[in-house]
Amino acid sequence: MAIARIAAAVTATLAFAGAGAGTALASDVTPGTAQVCQPGTLKASTTDLGTEQAGMNHAGTFLKVTNTADSTCTFSGYAGLALEGSGHTALTTHSEHGDTYFAQDPGERTVTLQAGDSAYADLVWTHTGAGTAAAHYLQISPTGSNSHSVVPFEQDVDNGRLSVTAWSDTPPTV
């Protein structure tokens with residue numbers, strides 16, 4: 001029992017000492033500093049941004065995520081994606097991260113969004129008829145968590161395969 005108390009005291013001491021060596025304690029966070037975006041604060045949608053992404057049996061659109069919170073927040077990575085059929089039935093979906101047919105992947109980096117600001121990713125699929133998934137909706141999870149937006153997406157997607165770039169504060173180069 002005494003050994004367990006000593007181990008707990010040593011662990012606590014090491015954790016506190018480690019916090020002083022570069023890890024900020026919650027009380028050390030400067031007011032107004034961006035925090036990680038919380039589930040439900042990022043609203044996702046699709047947009048063409050005034051450009052057409054179509055050619056050689058490829059089609060594409062941009063994903064847009066907007067910070068609906070009252071404060072600045074950060075996130076990074078790739079969107080989690082899932083296709084839904086009519087009646088919101090789940091369709092087999094395969095997502096590939098990286099360059100798309102129309103845009104270069106900016107790579108994973110931290111995106112900081114002030115309240116009301118948006119970030120973008122490029123989304124592309126083919127539609128040759130090979131193992132077509134007749135999608136009616138698209139689930140977009142900005143951070144890959146369970147929190148997601150469902151948007152209309154009336155598209156035939158070959159084999160349920162989607163290509164997507166990482167999020168960026170500007171639209172990926174088309």
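Q: Which residue of β5 stands opposite valine 36?
A: Threonine 74 in β5 stands opposite valine 36. Helices (H or I, at least four residues) and strands (E, at least two) are DSSP runs, numbered from the N terminus. The model is predicted, so local features need pLDDT of at least 70 and side-chain atom pairs count only at pLDDT 80 or more, while totals for chains, interfaces and linings use all residues. Residues are numbered from 1 along each chain as its sequence is written, and side-chain values use heavy atoms, with hydrogens and water left out.

Q: What makes β1 and strand β5 (residues 73-75) a pair?
A: Two strands pair if DSSP finds at least two bridges between them. β1 and β5 have 2 bridges, in the parallel sense, so they meet the rule.

Q: Why is one side of β1 and of β8 left without a neighbour in the sheet?
A: The open sheet has 3 strands in the order β1-β5-β8, with mixed pairing. β1 (35-36) and β8 (111-113) stand at its edges and each has a single partner strand, so one side of each has no neighbour in the sheet.

Q: Why is strand β9 (residues 118-126) called largely enclosed?
A: Buried means under 20% relative accessible area (1.4 Å probe, protein chains only), exposed means over 50%, and partly exposed lies in between. In β9, 8 of the 9 residues are buried, so the rest of the structure largely encloses this strand.

Q: Which strands pair with β9, and in what sense?
A: Strand β4 (residues 58-67) pairs with β9 in the antiparallel sense over 9 bridges. Within that pairing, lysine 64 has tyrosine 120 of β9 as its bridge partner. Strand β12 (residues 161-164) also pairs with β9 in the antiparallel sense, over 2 bridges. There, valine 124 stands opposite serine 163, and leucine 123 stands opposite valine 164.

Q: What pairs with β12 in the parallel sense?
A: Strand β7 (residues 94-97) does, over 4 bridges. Histidine 97 stands opposite valine 164 in β12.

Q: How many aromatic pairs does the chain have?
A: Rings of Phe, Tyr and Trp (its six-membered ring) pair if their centres lie within 6.5 Å; planes under 30 degrees apart count as stacked, over 60 as edge-to-face and the rest as tilted. By this rule the count is 3.

Q: Why is the pair of phenylalanine 75 and tryptophan 167 called edge-to-face?
A: Their ring centres are 5.9 Å apart and their planes stand at 65°, so the pair is edge-to-face. Phenylalanine 75 is in strand β5 and tryptophan 167 in the segment after β12, 92 residues apart. Both residues are buried.

Q: What makes tryptophan 125 and phenylalanine 153 an edge-to-face pair?
A: The ring centres are 4.9 Å apart and the planes are at 70°, so the pair is edge-to-face. Tryptophan 125 belongs to strand β9 and phenylalanine 153 to strand β11 (residues 149-158), so the pair ties together parts 28 residues apart in sequence. Tryptophan 125 and phenylalanine 153 are buried.

Q: Where does pLDDT stay under 50?
A: The value is the predictor's confidence in each residue, from 0 to 100. Residues 1-31 stay under 50. For this stretch the model has 5 contacts beyond four places in sequence, where a contact means heavy atoms within 4.5 Å. The chain averages a pLDDT of 84, and 81% of the residues score at least 70.
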